[in-house]
Amino acid sequence: MATCWSRPRRMLRAMTVEVIVKTVEPTPTAVVAAAATWAEFPAMWGPMLDKVWSFLRGEAPEGLCKQGHNIMFYKDDVPNVEVGVQVSGSFEPAGHVVPSALPGGLVATATHSGPIAEIGDTHRAVCEWSTANGYRLAGPRWEVYGDPDPSTGDFDVDVSWSLVAP
């Protein structure tokens, strides 16, 4: 079972986030994978994402990335992570960039709006809601980053956690 990130609880966020349970299909991704610590990860994700976009803008097969969004996939609490972009299908690995997929199945999801530094609050809200409503967290969780608003540069992030049905 996955552990929700812990720090002092801020119930205000949990009360303002709408959590939805739904079944999703796997989503193909192009990613760079790594094992990290939570302290190391903030400095790692940017260069990982840059490698994926360099591949997609260069040697990627035609049509692989049409309107893909950036993703961060946390496989576990180590964290073993994948950072990349949604794509239209599989492809041959190219250096550090490999094909993968966001998992399908039952998920609890919520949209994070606001400062990205507070995304942990949205993760906690999904965890707390899931537990309170009889769901068990399966472990994997991910973020899908929306398109920036042209006038403000702000963007929403969909936060999803895999669930075990009650």
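1. Two rings of Phe, Tyr or Trp are taken as a pair if their centres lie within 6.5 Å, and a search of this whole structure, which is a predicted model, finds 6 such aromatic pairs.

2. In one of these pairs, the rings of Phe41 and Tyr74 have centres 5.8 Å apart and planes at 75°, and since planes over 60 degrees apart count as edge-to-face, the pair is therefore edge-to-face. The pair links distant parts of the chain, with Phe41 in helix α2 and Tyr74 in strand β3, 33 residues apart. Phe41 is buried, at a relative accessible area of 6%, and Tyr74 is likewise buried, at 4%. Ring pairs also join Trp38 with Phe41 and Tyr74 in a cluster.

3. Tyr145 and Phe155 form a tilted pair, with 6.0 Å from centre to centre and 50° between the planes. Tyr145 belongs to strand β7 and Phe155 to the loop between β7 and β8, so the pair ties together parts that are 10 residues apart in sequence. Tyr145 is buried, with a relative accessible area of 13%, whereas Phe155, at 31%, counts as partly exposed.

4. The largest nonpolar core has 35 residues, and those with the most contacts inside it are Phe55 and Leu56. Helix α2 gives the most to this core, with 7 residues. Leaving aside residues up to four places away in sequence, Leu56 touches Ala30, Leu64, Cys65, Val85 and Val87. Apart from this core lies another, of 7 residues, among them Val31, Phe73, Val107 and Val144.

5. One point of backbone geometry deserves a mention. The peptide bond from Val78 to Pro79 is cis, with omega near 0°, and Pro79 lies in the loop between β3 and β4.

Terms used. Residues numbered from 1 in each chain as written. Predicted model: local features only at pLDDT ≥ 70, side-chain atom pairs only at ≥ 80, totals over all residues. Heavy atoms only, no water. Helix = DSSP H or I, 4+ residues; strand = E, 2+ residues; numbered from the N terminus. Core = buried A, V, L, I, M, F, W, Y, C linked by side-chain atoms within 4.5 Å. Buried < 20%, exposed > 50% of the residue type's maximum accessible area, 1.4 Å probe, protein only. Contact = heavy atoms within 4.5 Å. Phe/Tyr/Trp six-rings, centres within 6.5 Å; stacked < 30°, edge-to-face > 60°.
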